[in-house]
Amino acid sequence: MGADAKQRARDRIARLAGQGLDLVSFWRAATEAVAGAVPHYWAPCWYTLDPASLLVTSHFDEGIPELPPQWLIHEYYEDDVNKLADVARSRRGIQTLHEVTGGDPASSPRWHQNMALGGDQELIAALRTPTGDVWGALGLYREPGRPMFDADELGFVQAVAPSLAEGARRALLVGEAVDPEGPDAPGLLVLSGDGEVESATPGVERWLQALPDGDWDAGKLPSAVLAVAGRALRTAEHPDEPGQVAVSRVLSRSGTWVVLHGASLVSGSGRRVAVIVEPAHPARIAPLLMSAYGLTEREQDVTRLVLQGSSTTEIAERLVVSAHTVQQHLKNVFDKTGVRSRRDLVGKVFFAHYEPRVRDNERRATNDQPLRGGPFGGGVSPRTPA
């Protein structure tokens, strides 16, 4: 594919990211754009990750509706290379299995798993927003005998990764707004091109009433909502300048922060825009670790960094403490969670709180329901694979 065609594919993915699609529709549309630029075997593997832990929350592959249990066990319990969290933490945010094994992919158990499905080459890319949050990952594969993924193809995937991350983030927000899971779920407001409210999800007025200079009862929207909606509409009107993200962080009347996201909507009935309102709350992994295991705030910080794959030295530098202090916190975390190693800790947290989310999302995708992000909520007892 020539440079012009690749640029058109980049622009298309950027526009898709701003259209407020549900996650499965976004992945399907993005698949078509990626296929023209980077030929690959079978279907891409799309993942969403919790940016707080870098653990998988959903998987979508037209050819594999359910992730095999052995894949998850391998990803979180066994030694190997090219794992999703490793790529997500890397500076480049993209690598191939051939590259990371020094041209000897057969040395990786991952390669043998892939070959059982016909995939010799593997390319993994982190879907990282411009602010550095990783919301997903993309896996592309090629069968034996095909040309290697080259620098131009890797460059294309790197270039579209931020748009794919933004699209995934918006899709998860839209899904949570239209099918809320808890009292702090985002609210969704659909506006016409001239700023009139067309529809709203239940409870969105609570968020809007908390913003300055708005009066929901009088039909007056906060200026921050109108500004985000206007930016989203301008992005839709200029397809030659795709990828601009309409986001605003606003201090509410109560002193808490609220985040607004704007997305133009695909519609044949004129210009429309969705504004998603969500609390700027801490990652959901923190209260979960507290309620499930009684971890202190600093123990939660250490656990979150272990889940991301950070070493003791990296954790010490990040938290500005000594390596000895990190080890003491780890000992406390191991005692409270009933594990003996970092690997066991990652596996326990994943299979207790994230694997149920992955399986629920697989069911939801089959039933055309919105997919959800973050760990699974209360009522799930910790369990580990046999």
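The entries below go from ground rules to helices, cores, the sheet and a few single residues.

**Ground rules.** I am reading a predicted model, where local features need pLDDT of at least 70, side-chain atom pairs count only at pLDDT 80 or more, and totals for chains, interfaces and linings use all residues. Residues are numbered from 1 along each chain as its sequence is written, and side-chain values use heavy atoms, with hydrogens and water left out. Helices (H or I, at least four residues) and strands (E, at least two) are DSSP runs, numbered from the N terminus.

**Helix α1.** I checked the length of α1 (residues 3-17) first. The expected span is 1.5 Å times one less than the number of residues. For these 15 residues that gives 21 Å, and the end C-alpha atoms are 21 Å apart, so the two agree. I then asked what covers them, with contact meaning heavy atoms within 4.5 Å.

**Cores.** A nonpolar core here is a set of buried Ala, Val, Leu, Ile, Met, Phe, Trp, Tyr and Cys residues joined through side-chain atoms within 4.5 Å. Which members of the largest one touch the most others? Y47 and F350 do, in a core of 46 residues. Helix α14 (residues 342-366) gives the most to this core, namely eight residues. I also found a second, separate core of 36 residues, with A33, L140, V160 and L164 among its members. Back at Y47, I skipped neighbours within four places in sequence and found contacts including W27, W71, W135 and Y141.

**The sheet.** Strands count as paired if DSSP finds at least two bridges between them. Five strands form an open antiparallel sheet in the order β7-β6-β10-β9-β8. β7 and β8 (246-251) are the edges; each has a single partner strand, so one side of each lacks a neighbour in the sheet. On average, neighbouring strands are turned by 20 degrees against each other, direction ignored.

At one end, β6 (residues 187-192) and β7 (residues 197-200) pair over three bridges, and V190 stands opposite S199. Their hairpin has four residues between the strands, and G195 there takes a positive phi near 90 degrees. At the other end, β8 pairs with β9 (residues 257-264) over six bridges; R249 has V259 as its bridge partner. Helix α7 packs on the sheet, touching β6, β8, β9 and β10 (272-279), and its direction makes about 80 degrees with that of β10.

**Two single residues.** E176 is found in α7 and counts as buried because its relative accessibility is 13%. Beyond four places in sequence, E176 touches A185, P186, R284 and G373. T96 lies in β3 (residues 94-96) and also counts as buried, at 11%.

**A helix crossing.** How do α11 (residues 297-307) and α13 (residues 323-337) cross? Their axes come within 9 Å and cross at roughly 90 degrees. Axes are lines fitted to C-alpha atoms, for helices over the stretch in contact, and angles run from 0 to 180 degrees between N-to-C directions. Angles of 65 to 115 degrees count as roughly perpendicular, under 35 as roughly parallel, over 145 as roughly antiparallel and the rest as oblique, so α11 and α13 are roughly perpendicular to each other. Among the contacting residues I noted V302 and V306 of α11, and L330 and V333 of α13.

Technical notes. Buried < 20%, exposed > 50% of the residue type's maximum accessible area, 1.4 Å probe, protein only.
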